[in-house]
Amino acid sequence: MAKIKRQVAMIMDLNKCIGCQTCTIACKTLWTRRKGMEHMLWNTVNTNPGTGTPRNYETMGGGFKNGAAQPGILPNREDWGDRFDMNYEEVFYGGKKGTPLSDRKGDPKGGANWDEDVGEGDYPNNYYFYLPRICNHCTHPACLEACPRKAIEKREEDGIVLINEKKCRGYQFCAEACPYKKIYFNEEEGVSQKCIFCLPRLQEGVANACARQCPGRVRFVGYLDDEEGPIHKLVYKHKVALTLHPEYGTQPNVFYVPPMSPPKIDADGNPTDESRIPPEYLEFLFGPEVHAVMKRVEAERQKKMNGEESELMDLLISRKWQDLFGPFSKSPAEVERISVANSDQSVSVYDPAVQYTPDNEIHPIKFINPMEDR
Amino acid sequence: MLVKRVTDIAPWREPGNSVWQGMAAESVAMMPTPVALQPTQYIRVKWETLPYGLLSSISTGAVHDGETIAFYTQWQCEVEHLKDAVAIALPVRGQPILMTMGSPDAPVHFLHWMAKKEGVRSTHSQGIGSTQLGVPVVADGAGTWIDGQRRVVITRQLGDFIEAAPLRPGTTSKIGYAVWLGANDERAGLKAFSMDWKPLEIEA
């Protein structure tokens, strides 16, 4: 693996995620519309505590322990939850009043985020929060190391991990080895596929679709080494962003600001000193550092409540939306919809029909010469 | 293995055709590829204690009609699986070592049949982990599964090709085999293979 010059990263502030799945849909409509990708959700948002997507992924192994590769299990289509094949034609065009919308294959037994909003605990102290996940574009990618075809690359320029579909033979060792189970298999094309961190957008200065379309301003994007950017400040300066399951040993480059919790309330309805989300559960997800992180965020929150300045809270509040995206704050409209009619320059426009390969850096951008198009 | 000349290759293209059953099949001993030779640490760790490549032998045969050569393989396969596969290996030039799948100076050409795909794939290897798509050759493949037996016929045009093994009537080449049992999740280097080359004598 080549030495990485820079690393792009993402931080998701779990205090702001409302589980609306706008990120999921933004990704789905942009990247996974080809045949064989129907079941793919490169971005998922799950209720936690919960089984996750794929179901029970945290029990499927992979990753590294003391630097040694660990065996993993390959999730099957049931674990992922397949696309539902709904009877839209019958409902909307069948002409029969009262036809219920249903899955043509019968009652589904599972799906992504199947246990939505179940959570844990008993009323009034039940709890849950949302955990969005994408490929972590790890510094030590288990997928890359497992592939016998050397089909997975970690880009020197930005640390994005890509599968070269020309080299991939669909063996799926990568999907077994990834402890986060974020690699899907395209049965039609016989290749593994996963989140590409919206590389073509980043190359145009546009933030990832999941980040840009998030109505909750949950996601920060930028370079880890950009000391003026939000990523560096949250990870290294304020030390409030942690990786998911650091014990998996892959060193993810997607970080999380852990969720604060309302207090438990006692039998009389009065708040107690106990957190409703058990700290041990957060430790299970984010490692032992999470306790210090929670204290830091709580202290800064208190400062703000006292009317004092807090750079951390200002960063997390993100009053200015574009500040979330560091050097990738350009509007996609500037890239996708440059006024072709008024230009004599070739422009790049989004085209989902262009098939992505790492050798083809313009996916899903195609170039249009307006002079020829007229 | 003697590759007999036949007048009509058509029935020999069919793996279920009784012509193959009437032929004296040659048994080839198989063994698992060593786990130490698996190309990544992940595969070595995962499969260190798992059984694979346990097929001890396959039945083989071959005929030609002067233009096309047909390679027959048959093996015990309790569970039919879409990932069942067989490959024949042929030396392109030099003296390649079969176990290490050749070298840059002595590459190996493979014709790879998989139950889930039609036809065969031509691949080219210069060593373990280096397999690339091979030159296009006129080749085909067909398989059946009946009563716990996989039968596959792989055909290829005779003659000389760049980066494919030369196969001409009246000459002797070499052949190797690899079999993957899909039901056991065998793929890539997880397979049974014939330990060394077998002589392939093509009748004039």
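# Two chains, questions and answers

Me: How many residues of chain B are in contact with chain A, and what makes a contact?
Reply: Eleven residues of chain B are in contact with ten residues of chain A. Two residues are in contact if their C-beta atoms, placed from the backbone, lie within 7 Å. The side of chain B that touches chain A has five nonpolar, four polar and two charged residues. Here Ala, Val, Leu, Ile, Met, Phe, Trp, Tyr, Cys and Pro count as nonpolar, Asp, Glu, Lys and Arg as charged, and the others, Gly among them, as polar.

Me: What kind of model is this, and how are its residues and chains labelled?
Reply: This is a predicted model, in which local features need pLDDT of at least 70, side-chain atom pairs count only at pLDDT 80 or more, and totals for chains, interfaces and linings use all residues. Residues are numbered from 1 along each chain as its sequence is written, while chains are lettered from A and ligands numbered from 1 in the order in which they are written.

Me: How do you know whether the radius of gyration of chain B agrees with that of a compact globule?
Reply: The radius is taken over C-alpha atoms, and the globule rule is 2.2 Å times the number of residues to the power 0.38. For 204 residues a compact globule would come near 17 Å; chain B has 16 Å, so the two agree. The C-alpha atoms of chain B fill a box of roughly 50 × 45 × 25 Å along the principal axes.

Me: What makes Arg217(A) partly exposed?
Reply: Arg217(A) has 17 other C-beta atoms within 10 Å, and therefore falls in the partly exposed class. Arg217(A) also has a positive phi of about 55° although it is not a glycine.

Me: Which residues of helix α8(A) are buried?
Reply: In α8(A), residues 230-237, the buried ones are Pro230(A), Ile231(A), Lys233(A) and Leu234(A). Helices (H or I, at least four residues) and strands (E, at least two) are DSSP runs, numbered from the N terminus. The cover over these buried residues includes β1, β10, β12 and α11 of chain A.

Me: Why are β10 and β11 of chain A called edge strands?
Reply: Two strands pair if DSSP finds at least two bridges between them. The open sheet has the order β10-β1-β12-β11 in chain A, with mixed pairing. β10(A) and β11(A) each have a single partner strand, so one side of each is left without a neighbour in the sheet.

Me: How do you know that β1(A) and β12(A) pair?
Reply: Four bridges join β1(A) and β12(A), in the parallel sense. Asp13(A) stands opposite Val257(A) in β12(A).

Me: Which residues touch the most other members of the largest nonpolar core?
Reply: Such a core is a set of buried Ala, Val, Leu, Ile, Met, Phe, Trp, Tyr and Cys residues joined through C-beta atoms within 7 Å. Of its 93 residues, Ile11(A), Cys143(A), Ala146(A), Cys174(A) and Ala177(A) touch the most other members. β1(A) gives the most to this core, with five residues.

Note on methods:
A residue is buried if 20 or more other C-beta atoms lie within 10 Å of its own, exposed if 12 or fewer, and partly exposed in between; C-beta atoms are placed from the backbone.
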